[in-house]
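Please look over the sequence and the structure shown here before reading on. The briefing that follows takes up domains, the ligand and helix packing in turn.

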Amino acid sequence: MVAVDTPVASWTELDLFNPTSEHALLRQTLRELVRDVVEPQALEHDRAERFNRDLLRQCGALDLLGLTVPAEAGGAGMDAVASVIVHEELSTADPGFCLAYLAHSILFVNNCYQNASHEQRARYLPKTISGEWVGGMGMSEPECGTDVLGMRTTARRDGERYVLNGRKMWITNGALDDHTLGDVFLVYAKTDGGAVSTFIVENGFPGFALGQKIKDKLGCRASTTAELVFDDCSVPARNRLGEEGQSVVHMMRNLELERLTLAAMSLGIAMRCLREMVRYADERVAFGRPIRDFGQIQRYIGDSYAQWRAARSYVYDVARRLDLSRPGNRVDSDGVKLFASTMAKEVADRAIQVMGGYGYVAEGVVERLWRDAKLLEIGGGTIEAHQKNMTRDLSRAAGQLLR
Ligand SMILES: Cc1cc2nc3c(=O)[nH]c(=O)nc-3n(C[C@H](O)[C@H](O)[C@H](O)COP(=O)(O)OP(=O)(O)OC[C@H]3O[C@@H](n4cnc5c(N)ncnc54)[C@H](O)[C@@H]3O)c2cc1C
């Protein structure tokens, strides 16, 4: 899949959600995958709190794991809009699996491509783009999440290696099952002087272990979440990404795409909830009429649709302009996630209300989506962190309000 510009006769004909024929084809491919493969396994994996590794490999075979990596480096060479399409469509059926996909393809693969040397790319991208290895990213710690620069994990240079000590918490894909550590991670740690550096850490490096697989999550249960432990963990110096102490820019660059794709997950959740509640309101009869005739039900559906469309337009507008190679639009990557995550939670809540008892049980799907939606107000930055960042960025660049 290679993105090319599809000229449109007039700007009014632009389809914001499928701007080129490649994007439209990608969406069609995803819809078929979701219908035939993703949907049938979603409930079972949620119940069992199990990550579907075969499905990730299948995504690899479809060229989806290196979606944003240029073709010459083994990827599909597509853009942020393509990434939004994939996350949106997967989340109409299985946001839990989609979170695992995000941690692998955005937090590891894209981040690695953007910040690694040619030699590091050659060593780590083929196995992760194919899905042979499962990747993730370790930033958060038991004592700090929002205050990320307060991290305590350290990396001390010792000749041709670094020695890492500390713990990373809440790491998606940190475990493959209850006992098995994931395959490879980008790990942030403080080097000399307290600045942050990034390391590629493999399962099998001495001193690197799975602390615990975190169980009984509210939602996104088809992805694993784990604590990772570094106990005098020995990492070759050639596994440091970029210069020592220069990693805040890696983080910021990656966080923009992470937040955008988390917002895309919210869109998928809301789209599915709308489909379910509209169908149910048509079919369900009460007091001799379909419940869609009742004003209160109409308010749930009308408000949900308008909010979903507003969020969708905002997300695709930001995606269209996102430059994957450098940071630059934090106010809007925070903004889309702030707006879309709460929108999805509220739409899922209304879907349950419209569907009554049927909405409250697992077979109704919206129950699971409601649980999954809550994560999006926390993971990848809390909504309070977005409000904080946006206010700071807007006060520094008031021009944003004059565009
Ligand atoms: C399922 C799941 C998957 C995750 N996957 C990953 C992963 O793969 N990699 C990774 O590195 N992390 C991951 N995370 C961690 C996630 O990014 C953090 O949970 C998140 O950043 C919040 O950090 P925290 O949980 O430490 O909460 P805290 O930062 O302790 O926040 C607690 C509360 O205080 C508020 N707060 C904190 N500071 C401020 C402030 N200045 N102003 C106002 N309010 C504030 C927060 O908004 C929140 O409401 C995951 C988390 C979950 C739940």
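The C-alpha centres of domain 1 and domain 3 lie 20 Å apart, in a protein chain whose domain assignment gives domain 1 (11-134), domain 2 (136-241) and domain 3 (248-401), the bounds coming from an automatic or database domain assignment. The model is a predicted one, in which local features need pLDDT of at least 70 and side-chain atom pairs count only at pLDDT 80 or more, while totals for chains, interfaces and linings use all residues. Residues are numbered from 1 along each chain as its sequence is written.

**Contact between domain 1 and domain 3**

- In domain 1, 26 residues are in contact with 28 residues of domain 3, where contact requires that the C-beta atoms of two residues, placed from the backbone, lie within 7 Å.
- The side of domain 1 that touches domain 3 draws at least two residues from each of helix H1 (21-48), helix H3 (80-90) and helix H4 (95-115), and H4 gives the most to that side, with ten residues.
- By class, this side of domain 1 has 13 nonpolar, ten polar and three charged residues (Ala, Val, Leu, Ile, Met, Phe, Trp, Tyr, Cys and Pro count as nonpolar, Asp, Glu, Lys and Arg as charged, and the others, Gly among them, as polar).
- The helices (H or I, at least four residues) and strands (E, at least two) named here are DSSP runs, numbered from the N terminus.

**Surroundings of the ligand**

- The ligand is surrounded by 23 residues, of which the closest are Met139, Gly145, Thr146, Thr382 and Glu384; a residue is near a molecule or strand if its C-beta atom, placed from the backbone, lies within 6 Å of it.
- Two or more residues of this shell come from each of strand E1 (135-138), strand E3 (161-172) and helix H10 (383-396).
- The shell around the ligand divides into nine nonpolar, eleven polar and three charged residues.
- Because domain 2 (136-241) and domain 3 (248-401) both give residues to the shell, the ligand lies between them.

**Packing of H4 with H6**

- The axes of H4 and helix H6 (residues 248-283) come within 10 Å and cross at roughly 155°, the axes being lines fitted to C-alpha atoms, for helices over the stretch in contact, and the angles running from 0 to 180 degrees between N-to-C directions.
- H4 and H6 are therefore roughly antiparallel to each other, a term for angles over 145 degrees, whereas those under 35 count as roughly parallel, 65 to 115 as roughly perpendicular and the rest as oblique.
- Residues of H4, including Leu102, Ile106 and Leu107, meet residues of H6, including Leu257, Met265 and Ile269, and the contact of H4 with H6 divides into eight nonpolar, eight polar and two charged residues.

**Packing of H8 with H9**

- Helix H8 (residues 330-359) and helix H9 (residues 366-375) pack at an angle of about 155°, with their axes 9 Å apart, and that makes H8 roughly antiparallel to H9.
- Among the residues that meet are Ala344, Ala348 and Ile352 in H8 and Leu369, Trp370 and Ala373 in H9, and by class this contact has nine nonpolar, one polar and four charged residues.

**Packing of H3 with H7**

- The axes of H3 and helix H7 (residues 295-321) come within 7 Å and cross at roughly 145°.
- Ala80, Val81 and Val84 in H3 meet Val315, Tyr316, Ala319 and Arg320 in H7, a contact with six nonpolar, no polar and one charged residues.
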